[in-house]
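Please look over the sequence and the model before reading on.

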Amino acid sequence: MKYIDPHIHMVSRTTDDYERMAMAGCVAITEPAFWAGFDRSSPQGFYDYYKQLTDTEPKRAAQYGIRHHCWLCVNPKEAEDAGFAKEVMSIIPDFMDCPNVLGIGEIGLNKNSRNELMILEAHLELALSTNQLVLVHTPHLEDKLKGTRLIMDAIFNAGLQPDRVLIDHVEEHTVSEVLDRGFWAGMTLYPDSKCTPQRAVDILETYGTERLWMNSAGDWGPSDPLSVPKARIEMRRRGHSEDMVRKVTWDNPKTFLSRSPRFRADDD
Amino acid sequence: MTLESKFMTERNSCPMTAAEIADAYFMEHRAKLIDLAAFLDRVDRASDADDEGLGVDFRITALHECLKILNDGKNDRTRRVLEHLSDHSSEPLQTAPMKGALGAPAPE
Ligand SMILES: [Zn+2]
């Protein structure tokens, strides 16, 4: 059965991972711009990264029949230096017309600071003025609850429609507020430390399957690019229907992402 | 009806029986429980442990408080534990003190 991994950082993964994902049924991915594990020292560093996301990765993915899409932004971990972040943001419009760009992301907050919030608001303005979809990163651990609320408030204040925004990395203490306020929600599956495939299925059992998707957020840290197919196995192991498996790992991401005319999951 | 209450009434339950859940997951969570016990024993043996054997680190204190949530007989434990381990302030910080997070709110 085919699936979409709507949040994975392939720049940090090997070509072998593309092959294994394709063998497990992956036909489309979306890759948000993120923190590479170190702070880039110049806007040129970001320019090269955006080139990699819009040119190199789509070709690498295509070798395995996977359609590659991306989201562009300055991630919140590199937003504390607001002057630098604004300088980088000025090059984003040069890439917005690339054929695999779906919108602005992953924007959001990391430590819930004033400068992070200011750069988040600048990105929301850009998304609104260019009518882009938005993919949101929420902070981790003790900062998630506060950050998720600050982000949702900023999105409403900016005047964006919540059904054109996906709020990612939801957990049991944030999922219900995110859905209740009309947003789409993403569950990120980590092999340890955060939401496991088992807990993601628990969340589906508790909150239903409307406007929810799952992703691996595979990157340079401990993470598993096959966690979406592993969560499908977990759903089946518990006796959930194939309709439910398909809805969460195919229909839901396809419905949200297809709001961008550039998204292609397959040939139909 | 709010979306939240709609989800709560239309939710799927877990199709497995309690015995099937135990067959599938008990051993894994038994091991995690023993890991947790060993972790707390290790804290008791810490070089700076006080007379009660309790460490002074705020994260350990928060973990002990979460153990009470697990055993209070009410449901929705995961959400309540996560909320207990969350920063409940609402104003943005003046500056970001670091990039990472500690897992429990640091004392003022
Ligand atoms: Zn990410």
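How many residues of chain A are in contact with chain B, and how many residues of chain B take part?

## The interface of chain A and chain B

The structure discussed here is a predicted model. In this model, 41 residues of chain A make contact with 40 residues of chain B. The size of an interface is often given as the accessible area lost when the parts come together. For chain A and chain B, the area buried between them is about 3,400 Å², and 55% of it falls on carbon and sulfur atoms.

Polar and charged groups also meet across this interface. Between chain A and chain B, 17 residue pairs are in polar contact, with both residues at pLDDT 80 or more. Two salt bridges are found across the interface. Asp39(A) forms a salt bridge with Lys99(B), and the closest N and O atoms of Asp39(A) and Lys99(B) are 3.1 Å apart.

## The side contributed by chain A

Several helices of chain A each give two or more residues to the side that touches chain B: H4 (114–129), H5 (144–158), H6 (175–180), H7 (197–207) and H8 (227–237). Of the elements of chain A, H7(A) gives the most to this side, with six residues.

Sorted by class, the side of chain A that touches chain B holds 19 charged, 13 polar and nine nonpolar residues.

## The zinc ion

Which residues are the protein donors of the zinc ion? They are His7(A) and His9(A), each through NE2, and Glu106(A) through OE. These donors lie 2.0 to 2.1 Å from the zinc ion. Along the sequence, the donor residues follow the spacing H-x1-H-x96-E.

His7(A) is located in the loop between strand E1 (3–5) and helix H1 (15–23) of chain A, whereas Glu106(A) belongs to strand E4 (residues 101–108) of chain A, so the pair ties together parts that are 99 residues apart in sequence. Both His7(A) and Glu106(A) are buried.

## Leu40 of chain B

Leu40(B) is placed in helix H2 (residues 18–44) of chain B. Is Leu40(B) buried or exposed? Its relative accessibility is 15%, and buried means under 20%, so Leu40(B) counts as buried.

Leaving aside residues up to four places away in sequence, Leu40(B) touches Leu63(B), His64(B) and Leu67(B). Leu40(B) and Pro92(B) are 52 residues apart in sequence, and their C-alpha atoms are 34 Å apart in space.

Conventions. Residues are numbered from 1 along each chain as its sequence is written. Chains are lettered from A and ligands numbered from 1 in the order in which they are written. This is a predicted model: local features need pLDDT of at least 70, side-chain atom pairs count only at pLDDT 80 or more; totals for chains, interfaces and linings use all residues. Side-chain values use heavy atoms; hydrogens and water are left out. Donors are N, O and S atoms within 2.8 Å of the metal (3.2 Å for Na, K and Ca); water is not among the atoms, so sites may look incomplete. Helices (H or I, at least four residues) and strands (E, at least two) are DSSP runs, numbered from the N terminus. Buried means under 20% relative accessible area, exposed over 50%, partly exposed in between (1.4 Å probe, protein chains only). Contact means heavy atoms within 4.5 Å. Buried area is the accessible area (1.4 Å probe) that two parts lose on being put together, summed over both. A salt bridge is a side-chain nitrogen of Lys or Arg within 4 Å of a carboxyl oxygen of Asp or Glu. A polar contact is a pair of N or O atoms within 3.5 Å; within protein, one must be able to donate a hydrogen and the other to accept it, and residues adjacent in sequence count only if both atoms are side-chain atoms. Ala, Val, Leu, Ile, Met, Phe, Trp, Tyr, Cys and Pro count as nonpolar, Asp, Glu, Lys and Arg as charged, and the others, Gly among them, as polar.
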